[in-house]
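Hi everyone, thanks for coming. Let me put the structure up on the screen, and then I'll walk you through one part of it.

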There are 2 protein chains.
Amino acid sequence: MAVPSSVSVPPTASPLFLRENEVRRGVELLFFGYTRLTRAIDEGLAEHGLGRAHHRALYFIARQPDLPISALLKILAITKQSLGRVLTDLADRGLIETQTGNIDRRQKLLRLTPEGVQFEAQLFDALRNSLASAYAAAGQESVTGFWRVLEGLIPAEDKAMVVALQKDI
Amino acid sequence: MAVPSSVSVPPTASPLFLRENEVRRGVELLFFGYTRLTRAIDEGLAEHGLGRAHHRALYFIARQPDLPISALLKILAITKQSLGRVLTDLADRGLIETQTGNIDRRQKLLRLTPEGVQFEAQLFDALRNSLASAYAAAGQESVTGFWRVLEGLIPAEDKAMVVALQKDI
DNA sequence: AAGATACGTCAATATGGCTGTCCCATCTTC
DNA sequence: GAAGATGGGACAGCCATATTGACGTATCTT
């Protein structure tokens, strides 16, 4: 245990370098927490033959109806081709629909169909169950800290995007 | 915005159902925070022609030297075949080595080579930079809350495994 | 001696990413 | 009005990472 842990901590440690234990704990909890949370929805997705990539698109379309494709591309940070496949699958299943932008007619604005709304809500229930019980166990003060640390992980150039998502709830 | 958000909140809301805003915020911050943190190491991995799957294995082997393969399988929760490929890649690059267990000679205990130790430390530096600055910006109290909420996301049956990782640091 | 366990390996498959290229419709700018 | 930029779609091919199922071998347990 000692070797890999200590080798990355220089002997003349500055405050930022005294955190190996705390950093490893954060890395591990993020890994397990994130993967376990996403697993909570796999079953619901599999019923429709969909994967997590589909859920990510569905989630953000639910969050910001009439989202142009370019905005969704920035959020997901994947290529147009990868997103195209996902959106085709969702449209084929009648979960999303598009509408030509009225300001810029080149844009296609994405929104959920009523079936999509219902399906997203069903998946969201699973996320809510997991997160709400973690929130309840930790207490409101911890939840605030949880948010603060995660906000600090988001690079400055992406922060505006995340804030925009959350400003109107 | 209103439709998909409100549809999943029943009118007769119990306390656990009054949290849609908080839950969506947590989902989004976890998504962006986790993906951005993992991106911090992609460049270092690509230099060796490795991916994130390799880093996950490398990380947990660094964390618990002489880890049997079965323990790593439980941690990563992937199949033996998937892990086998990853371990082959790491061994081919001289980053890990195995040793026959002396208690149970069927086991192969995994550990990093000196090169592996150095490489893992280099990747860990990138993680530390990201997490330490997020910790510093949020403050120690927030960090505690961050940990508490994430612990609450880990199912009871997995918790022992995570605690075991962190008990001897 | 029988069965369980730890690990390895074969073959086939699915998912979700990627690059590069080309196209069309529409908006902006000069 | 022409030129160029932008939003979006589509083709082909590739790669990384995961999956299932079946089978084999060494070793431990009973």
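Let's start with a base: one of its oxygens, in DNA strand D, is 2.9 Å from an N or O side-chain atom of B:Gln81. That is a polar contact, meaning a pair of N or O atoms within 3.5 Å; within protein, one must be able to donate a hydrogen and the other to accept it, and residues adjacent in sequence count only if both atoms are side-chain atoms.

Before going on, some housekeeping. This is a predicted model, where local features need pLDDT of at least 70 and side-chain atom pairs count only at pLDDT 80 or more, while totals for chains, interfaces and linings use all residues. Residues are numbered from 1 along each chain as its sequence is written, chains are lettered from A and ligands numbered from 1 in the order in which they are written, and side-chain values use heavy atoms, leaving out hydrogens and water.

Now, the phosphates of DNA strand D. A polar side-chain atom of B:Arg56 lies 2.5 Å from a phosphate oxygen, and for B:Ser82 a side-chain N or O atom is 3.1 Å from a phosphate oxygen.

How many residues surround DNA strand D? There are 22, counting a residue as near if one of its heavy atoms lies within 4 Å. B:Arg56 and B:Ser82 are among the closest, as are A:Ser70, A:Arg106 and A:Lys108.
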